Amino acid sequence: MPRLSVQGIWKAYPNEEDGETLVLEDISFEVKNGEFLSIVGPSGCGKTTLLKIIAGLLEPDKGHVSIDNVQVKPGHNQAGYIFQQESLFPWRTVRQNIAFGLEIAEIQEPEKNRSIDEIVSIVGMRGLEDNFPHEISGGQARKTEMARSLVTKPDILIADEALSNLDAQTRNYLQEELMRISQETGSTVLFVSHNVDEAVFMSDRILVMSNLPGKLIAEFSIDLPKPRIRTSPECLSYRARILDLLKVEQEKAMRDQARLKPPVAT
Ligand SMILES: Nc1ncnc2c1ncn2[C@@H]1O[C@H](COP(=O)(O)OP(=O)(O)OP(=O)(O)O)[C@@H](O)[C@H]1O
Ligand SMILES: [Mg+2]
């Protein structure tokens, strides 16, 4: 039985010009228990929209999502979610930010403190619990977000560009950390990234989305043992194949945009 099942998802957003823009077209896939699955695709192709639907934060027009055979209902989120934008509360300390996840789930003491201590150790934030977000680095902020998403032991961790806006060194380090943390917590991970290298380095499988409206156009099982060597010929070969597909989609997007532009008055 798959941990996550996404079946026939369609979604359009209203627009002022011609009624609505189709964003997701018939998206179906499954994620196995403990699998690390990444989705890559051109900017604006609907990745965040898809993740929000999977997390129950947004309703699809058609289709359904189930986790462990139970259909996800909007507002009944079973997934931990790391947002594309940094989302720590500046007025809460690291520990209070992590506690937020447990407060929503109405977890009481002593379990609350025990869970926080455990996840703080796993993500390596011990000693920084009483710092406020402005007193930690960007990488530590991302780790705090990971901890907040994982402290409730969600069935699935959904990470939307979780490692963007970081310097290359911190990003590489956090890729390894996220893999280690997900293995230690036994999490099933659904990860969205613009960065194909990152997806190849971390994932068991990668789904490639098309230009808008987002469809699944390819699937790659990354059959390489972990830890991987980023510059190995095998990793580079997957990278090249995926980038080739994305290049085609990017060019289509440019052509679509050019067609939509009004003619220049002469
Ligand atoms: N609430 C909304 N209302 C109307 N249109 C929206 C809304 N949210 C997103 N869109 C549009 O839907 C499309 C898909 O957006 P989405 O954020 O899902 O893309 P994305 O693949 O995550 O992009 P990126 O890679 O830049 O994060 C975009 O064209 C966007 O402008
Ligand atoms: Mg997005």
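This is a predicted model: local features need pLDDT of at least 70, side-chain atom pairs count only at pLDDT 80 or more; totals for chains, interfaces and linings use all residues.
**Strand 7 and its neighbours**

Five bridges connect strand 7 to strand 8 (residues 188-193), and the two run parallel, where strands are DSSP runs of E with at least two residues, helices are runs of H or I with at least four residues, both numbered from the N terminus, and two strands pair if DSSP finds at least two bridges between them. Within strand 8, Val192 is the bridge partner of Asp160.

Residues are numbered from 1 along each chain as its sequence is written, while chains are lettered from A and ligands numbered from 1 in the order in which they are written.

Strand 7 also pairs with strand 6 (residues 79-82), to which four bridges join it in a parallel arrangement, and here Tyr81 stands opposite Ile158. Because five of the five residues of strand 7 (residues 156-160) are buried, the strand is largely enclosed by the rest of the structure; buried denotes 20 or more other C-beta atoms within 10 Å of a residue's own, exposed 12 or fewer, and partly exposed in between, with C-beta atoms placed from the backbone. Ile156, Ile158 and Asp160 cover one side, and Leu157 and Ala159 the other.
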